[in-house]
Amino acid sequence: MLAVWFGTQADEAFPEAWHSDAATVSGTDALANIRSKVYLSPKLWYLRVNVIEAQDLIPSDKGRYPEVFVKVIMGNQALRTRVSQSRSINPMWNEDLMFVVAEPFEEPLILSIEDRVAPNKDEVLGRCAIPLQYLDRRFDHRPVNSRWFNLEKHVILEGGEKKEIKFASKIHMRICLEGGYHVLDESTHYSSDLRPTAKQLWKPNIGVLELGVLNATGLMPMKAKEGGRGTTDAYCVAKYGQKWIRTRTIIDSFTPRWNEQYTWEVFDPCTVVTVGVFDNCHLHGGDKNGGKDSRIGKVRIRLSTLEADRVYTHSYPLLVLHPNGVKKMGEIHLAVRFTCSSLLNMMYMYSLPLLPKMHYLHPLTVSQLDNLRHQATQIVSTRLTRAEPPLRKEVVEYMLDVGSHMWSMRRSKANFFRIMGVLSGIIAVGKWFEQICVWKNPITTVLIHILFIILVIYPELILPTIFLYLFLIGVWYYRWRPRHPPHMDTRLSHADSAHPDELDEEFDTFPTSRPSDIVRMRYDRLRSIAGRIQTVVGDLATQGERLQSLLSWRDPRATALFVLFCLIAAVVLYVTPFQFVAFFIGLYVLRHPRLRYRLPSVPLNFFRRLPARTDCML
């Protein structure tokens, strides 16, 4: 007797249903690994520990000045203050230490004061454990109240037992959970959520994002079955904000069809939804073999590039970078729609800061943000790995782009050419102006002369002319606006032209696991690149120091000439109307090539003769 029904994702039983394509999967654990699931990231907080001072410490050796520092441990995170400058039993620090914690708060904050009695020996002077549940929560820049905490000390007796000694030592700290920051677990360049931690500070949503994961085509075989035949068990993971979704796994198919739809609330249009495709390696005894889910590819879609209330149904290439080069693993077919509930609120969002106010009122350093982001990704991956079915660590790290900050020759080249692409417009305008100055096209040069004279006579037309020109350019380019959301670009990423050794270096572990001769070759290559950068930075410093030397009297004759020129220029500009000055300067710049000299101009010669501090460097 069989009971069979056909249903869709709207049915309540859909997540628990045994799909017909999973008939070859056996075992409860394996069945749980192929089902669809919605996950929520843990709620992350920044924990700020402001260590102010300690009082009445009792060092073991009272005949020396103590070198005291504070060590704070929060889960797997450990930070320490610098050694106190006031070497006494009442040391002061006034130093901030930042941690990432997640609800529910399972572990206490453990703090110890230690004395460096020898180069590699530290003596604990006192400890205390502080539960996080009872800490103050700060939502703005106003400081919370500081508190004194009693320190405890453990002494080991002869029998190996620990005896707890309570004594009068105390530590003064200001500890709070920061609700006004957004805990960054993604790169700010393609973050999916920018809201502060505290829900009280959230603004109302501006719309809804709907994502339909339809199907994939042309997937490559990711593993071999019994008999040597290649197979792929594909599933999708999408992340936006705190909500992660995982589709069901389609067994043994290179053209899987998921046809699943998910929705998210949108609070900021300048955010990115990430969709990744993976091969499930935990079905046919993969757990016993310790296999990891393989990457098939990833797609990012920025919501601000989507028109409101329009359905985008397109195929996106799935590209993965391997040590032997970039490889197209197939295509994924997605349907995306961004529905805006209030156009006015969405337009208003463009005037607000990208991150919450606390990031600007009390900014964190770059090194702090890097360290905190690493800790946040570790916490998120650990929590999602505990779910059932688990969203495994390699999947979470790939979706969050863990390791994207590591050195890569390929990525460095791509960023350099991105900068050149940005500057290409300015360079093109400079070349065009140079052609105007040398009268390459006399008609255009005469027209520029006429426009220049009109703007000199009527200077109030300058700004309206500039903005009208920008308006016309924007209207002209509207015809060629992008019709489809962008996708991963191999040419922009320089993935299609990367040298194999550069890719091998990019996939190397940290610290390196390559032989010493390869590491030496890469180190020498990095030194040569750094040498060029060092030369460019030195040239920039030289030009800046020459500007400073105009008035520094380091070269008394050059400074005297410049000061005298400034005096004459002040008198002339005071007497002469500004329009005449601008008129003659413009005519001088646009003069005919017959009136030009090939030698450098007098101001340039004077500037190049000014002294810099390069002659003082070793």
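Over residues 445-478 the chain is 85% helix and 0% strand, and the end C-alpha atoms are 29 Å apart. Helices (H or I, at least four residues) and strands (E, at least two) are DSSP runs, numbered from the N terminus. The model is predicted: local features need pLDDT of at least 70, side-chain atom pairs count only at pLDDT 80 or more, and totals for chains, interfaces and linings use all residues. Residues are numbered from 1 along each chain as its sequence is written, and side-chain values use heavy atoms, with hydrogens and water left out.

The span 445-478 comes from a record. UniProt, in an unreviewed entry, lists residues 334-351, 416-433, 445-478 and 560-590 as "transmembrane region". Its positions are given in the numbering used here, feature names are shortened, and annotations may be inferred rather than shown by experiment. Residues 334-351 are 39% helix and 39% strand. The end C-alpha atoms of that span lie 31 Å apart.

Now the domains. Their bounds come from an automatic or database domain assignment. Domain 1 is made of 14-33 + 184-400. Domain 2 covers 45-178, and domain 3 covers 409-616.

Next, how domain 1 meets domain 3. Their C-alpha centres lie 41 Å apart. In contact (heavy atoms within 4.5 Å) are 18 residues of domain 1 and 15 residues of domain 3. The size of an interface is often given as the accessible area lost when the parts come together. Here the buried area is about 1,300 Å², and carbon and sulfur atoms give 72% of that area. Buried area is the accessible area (1.4 Å probe) that two parts lose on being put together, summed over both.

What holds for polar pairs across this interface? The rule finds 2 residue pairs in polar contact, both at pLDDT 80 or more. A polar contact is a pair of N or O atoms within 3.5 Å; within protein, one must be able to donate a hydrogen and the other to accept it, and residues adjacent in sequence count only if both atoms are side-chain atoms. The count of salt bridges between domain 1 and domain 3 is 0. On the domain 1 side that touches domain 3, the elements giving two or more residues are β18 (294-302), β19 (311-322) and β20 (325-340). The largest share, 7 residues, comes from β19.

By the salt-bridge rule, the count comes to 33. The rule asks for a side-chain nitrogen of Lys or Arg within 4 Å of a carboxyl oxygen of Asp or Glu. Asp96 sits in strand β5 (residues 92-102) and Arg48 in strand β2 (residues 44-55), 48 residues apart.

Strand β5 also holds Asn94. Phi of Asn94 is near 55°, a positive value in a residue other than glycine.

Two cis peptide bonds remain to be located. One joins Glu388 and Pro389, with omega about 0°. Pro389 is in the loop between α5 (366-385) and α6 (393-399). Another joins Phe510 and Pro511, with omega about 0°. Pro511 is in the loop between α10 (500-506) and α11 (516-548).
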